[in-house]
Amino acid sequence: MSPRIGADLNTIVQTAVAIADQDGFYEVTLTRVAQKLNIRPPSLYNHIDGLHELRKQMAIYGLHELYAALLEANASVKELDQGLHAIGEAYVDFARRHPGLYEATFQAPDPSDPEVERAGADIVMFAVHFLSSSYGLEGDELIHATRGLRSFLHGFASLEQKGEFRMHLKRDESLHVIIDTFIAGIRKMDTNCNE
């Protein structure tokens with residue numbers, strides 16, 4: 001028998017994330033996590049209150065990691081539209097590298113849990129601030145653009161994960177065109193606001 005790994009909340013979440021990314025979000029069970037850690041399943045209850053708590057912690061961790069990826073992508077960009085491309089590519093890349101963790105961000109047992117809401121709000125406010133400061137959007141137009149950005153990025157990432165993009169064109173080319181189209185749209189919104 002291999003030596004036991006000291007279990008703490010971070011180790012448990014990291015182990016669950018590894019299972020989710022490799023085998024899928026719904027393959028994460030307390031039994032599998034305990035097996036990976038070489039401990040008995042009841043020992044996990046010293047750190048988490050069941051599978052629902054583990055899924056909540058995975059969602060929070062995933063939202064924090066996605067937020068960090070978006071911040072990093074935007075930090076080194078100098079030109080305006082390149083920022084939106086960098087953010088969009090980072091979002092999709094995160095979903096590609098961490099498919100199970102990305103799924104976890106949408107599978108919190110209670111999305112209205114204050115900790116989950118705070119973690120999700122960081123991403124929303126990042127998008128709001130970026131679109132406002134970069135493209136001068138405000139009011140309803142800013143909300144529409146924020147919803148549009150989140151919708152097309154999540155839609156692209158989710159459809160790609162499900163293997164729905166089977167046509168011969170490269171997916172990264174399509175993503176680039178979609179982002180350019182979105183940029184053209186929000187520039188039009190900004191023009192309409194100023195007329």
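Where does Asn-38 lie?

**View 1. Asn-38 sits in a loop of this predicted model.** To find Asn-38, look at the loop between helix 2 and helix 3. Most residues other than glycine have a negative phi. Is Asn-38 buried or exposed? With a relative accessible area of 16%, Asn-38 falls under the 20% cut-off, so Asn-38 counts as buried.

**View 2. Helix 3 and helix 4 pack against each other.** Two packed helices are described by the angle between their axes and the distance between the axes. For helix 3 (residues 51–75) and helix 4 (residues 80–97), the axes come within 8 Å and cross at roughly 150 degrees. The crossing is right-handed. Who meets whom? On the helix 3 side you'll find Gly-62, Glu-65, Leu-66, Ala-69, Leu-70, Ala-73 and Asn-74, and they meet Gly-83, Ala-86, Ile-87, Ala-90, Tyr-91 and Phe-94 of helix 4. Sort the residues of this contact by class and you get nine nonpolar, three polar and one charged.

View 3. Count along helix 4 and you'll get 18 residues, reaching 26 Å from the first C-alpha to the last. That is close to the 26 Å expected at 1.5 Å a residue.

**View 4. The largest nonpolar core has 58 residues.** In soluble globular proteins, nonpolar side chains tend to be buried together. In this core, the residues with the most contacts inside it are Val-33, Leu-44, Leu-54, Leu-84, Leu-131 and Ile-186. Two or more residues each come from helix 1 (9–23), helix 2 (30–37), helix 3, helix 4, helix 5 (99–104), helix 6 (114–135), helix 7 and helix 8 (171–194). Helix 6 gives the most, with nine residues. Now zoom in on Leu-54: leaving out residues up to four places away in sequence, Leu-54 touches Ile-12, Val-13, Ala-16, Val-28, Leu-30, Val-33 and Ile-48.

**View 5. Leu-159 is a partly exposed residue in helix 7.** Helix 7 covers residues 139–161, and Leu-159 is one of them. Leu-159 counts as partly exposed because its relative accessibility is 41%. Which residues does Leu-159 touch, not counting those up to four places away in sequence? They are Glu-164 and Phe-165.

Terms used: Residues numbered from 1 in each chain as written. Predicted model: local features only at pLDDT ≥ 70, side-chain atom pairs only at ≥ 80, totals over all residues. Heavy atoms only, no water. Axes fitted to C-alpha atoms, helices over the stretch in contact; angles between N-to-C directions. Helix = DSSP H or I, 4+ residues; strand = E, 2+ residues; numbered from the N terminus. Left-handed = near helix turned anticlockwise from the far one by under 90°. Contact = heavy atoms within 4.5 Å. Nonpolar A, V, L, I, M, F, W, Y, C, P; charged D, E, K, R; others polar. Buried < 20%, exposed > 50% of the residue type's maximum accessible area, 1.4 Å probe, protein only. Expected span 1.5 Å × (residues − 1). Core = buried A, V, L, I, M, F, W, Y, C linked by side-chain atoms within 4.5 Å.
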